[in-house]
Amino acid sequence: MQRNRRPLNPEHQLSHLPMSGIIRSRIKRLFTILGGLLIAQVVIIWAAEDLTLFESAWMTMTTLVTVGYGDFAPQTIIGRLSTVFLMFIAAITLLTLIVSDYIEYRFYRRERILTGRWIYAMKDHIVIINTPQTGGEQYFSRFASQMRAVPGYETVPIIILTSQFPNGLPPELADNGLVHFHGSGSDPEALKAVHAGAARHIIVLAADESDPTSDSLTFDIAHRLSESNLGQKVTVECVRDENRDRFTSVGVRTVIRPVRTYPEIMVRSVIAPGSEKVLEDLFNYQHDHPHRYEIELDDLNWADIVSALIRHGIGTALAYIDNNNEVVCHPPTDKEIEGKGLIVLVKSSETPDVEVVKEALSHYRDFINKWHNLQKQAAQGDNSTANATDQS
């Protein structure tokens, strides 16, 4: 067995370094040598041949790329010898090595991107840590489409830090502009690779939305991010409500329950912190819940209905049901409402019955009528005063 055998390529003896850096440095070194050879050839041709500096450079370049137009050619012995040794043997060989290294670098980059090991130069982006146990592709696809629909987020980069997708992201995610890095959120080097410090938002998904113990892993990631003063950028999923205070104590901005069927809730919690509280209350009866009241609506506008319910401490009107059984959300405030039902956000502990709602609307009608009568009386009084002034 031969000892001290020289390796075929430099990366074989520098395996502890990133291969992309090795290839790039080698290409730079070859370009530097090639540039020196070209300058030397141009100077020799310019001195030995009856050519201008531009013509010498032109002939050198056409020789390098093997075009050979034939408009200029060396006539002296010195010019021909320099062309053979500097161009035919050295320069063209170096150019071939540069092209070969560049192709190798492109293949290497593609393989690293596919397997999630390429480090992107990102800034002001969104980092998503972990992948849902099931339906991850659909979740990320809907999340990206909803995020792209938010003004100001149409082109924001999104990177997923996950140990899944070892063979590359599915085409539907890649087509939406998502990229991924293979790693764990508990690994400081992986967080550095996705440029968590420069991110606009960081989302930590529960490793298993049905397993309360996954909160431990989430807390470890959140704590690492908090140590880097990134807590105010972080939105985390918490399986057990009892653990919410732990995340808040380390400075996490937003804590939300895992809701896989509606990634829109996660988008809202990221874009509008605090809205997740309202949305979560809509799914349970612990604090508030939307209640449907079967009631005829025909002579009040939406602003009057909302004011009547709030003034009487009933709740907040969210939508109404028109006569075609269509639910109308956020109608015009000054348009008279005609329908047969109301959806109101009420207290779960003390849900008013329909008679209380009818009474509140009836009282508000009386209030509106009295107010209109007072306005008419005031207008009539102003007219009488004006007429008396004109007569005098």
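Q: Where is Ser 25 found?
A: Ser 25 lies in helix 1, residues 19-48. Helices here are DSSP runs of H or I with at least four residues, strands are E runs of at least two, and both are numbered from the N terminus. One caution: this is a predicted model, where local features need pLDDT of at least 70 and side-chain atom pairs count only at pLDDT 80 or more, while totals for chains, interfaces and linings use all residues. Residues are numbered from 1 along each chain as its sequence is written, and side-chain values use heavy atoms, with hydrogens and water left out.

Q: Is Ser 25 buried, exposed or partly exposed?
A: Partly exposed, because Ser 25 has 37% relative accessibility. The cut-offs are under 20% relative accessible area for buried and over 50% for exposed, with partly exposed in between (1.4 Å probe, protein chains only).

Q: OK, zooming out. How many helices and strands are there?
A: The protein has 12 helices and 10 strands. Its radius of gyration is 36 Å, well over the 21 Å that the globule rule gives for 392 residues, so the protein is more spread out than a compact globule. That radius is taken over C-alpha atoms, and the rule is 2.2 Å times the number of residues to the power 0.38.

Q: What box do the C-alpha atoms fill?
A: Roughly 120 × 75 × 40 Å, taken along the principal axes. Of the 392 residues, 39% count as buried.

Q: Switching to Trp 58: where is its place, and what does Trp 58 touch?
A: Trp 58 sits in helix 2, residues 53-64. Leaving out residues up to four places away in sequence, Trp 58 touches Tyr 69, Asp 71 and Phe 72. Contact means heavy atoms within 4.5 Å. Trp 58 is partly exposed, with a relative accessible area of 35%.

Q: And His 201, buried or exposed?
A: Buried, because His 201 has 8% relative accessibility. His 201 belongs to strand 4, residues 201-204. Its contacts, not counting residues up to four places away in sequence, include His 125, Tyr 153, Lys 233 and Arg 253.

Q: What order do the strands have in the open sheet of 4 strands?
A: The order is 7-10-8-9, with antiparallel pairing. Two strands pair if DSSP finds at least two bridges between them. Strand 7 (288-297) and strand 9 (327-329) are at the edges with a single partner strand each, so one side of each has no neighbour in the sheet.

Q: How many bridges do strand 8 and strand 10 pair over?
A: Strand 8 (residues 316-322) and strand 10 (residues 339-347) pair over 6 bridges in the antiparallel sense. Ala 319 has Ile 343 in strand 10 as its bridge partner.

Q: Which helix packs on that sheet?
A: Helix 11 (residues 302-311), which touches strand 7, strand 8 and strand 10. Its direction makes about 135° with that of strand 8. Axes are lines fitted to C-alpha atoms, for helices over the stretch in contact, and angles run from 0 to 180 degrees between N-to-C directions.

Q: Last one, cysteines. How many disulfides does the structure hold?
A: The structure holds 0 disulfides, a disulfide being a pair of cysteine sulfur atoms within 2.5 Å. Cys 238 is buried at 0% relative accessibility, whereas Cys 329 is exposed, with a relative accessible area of 56%.
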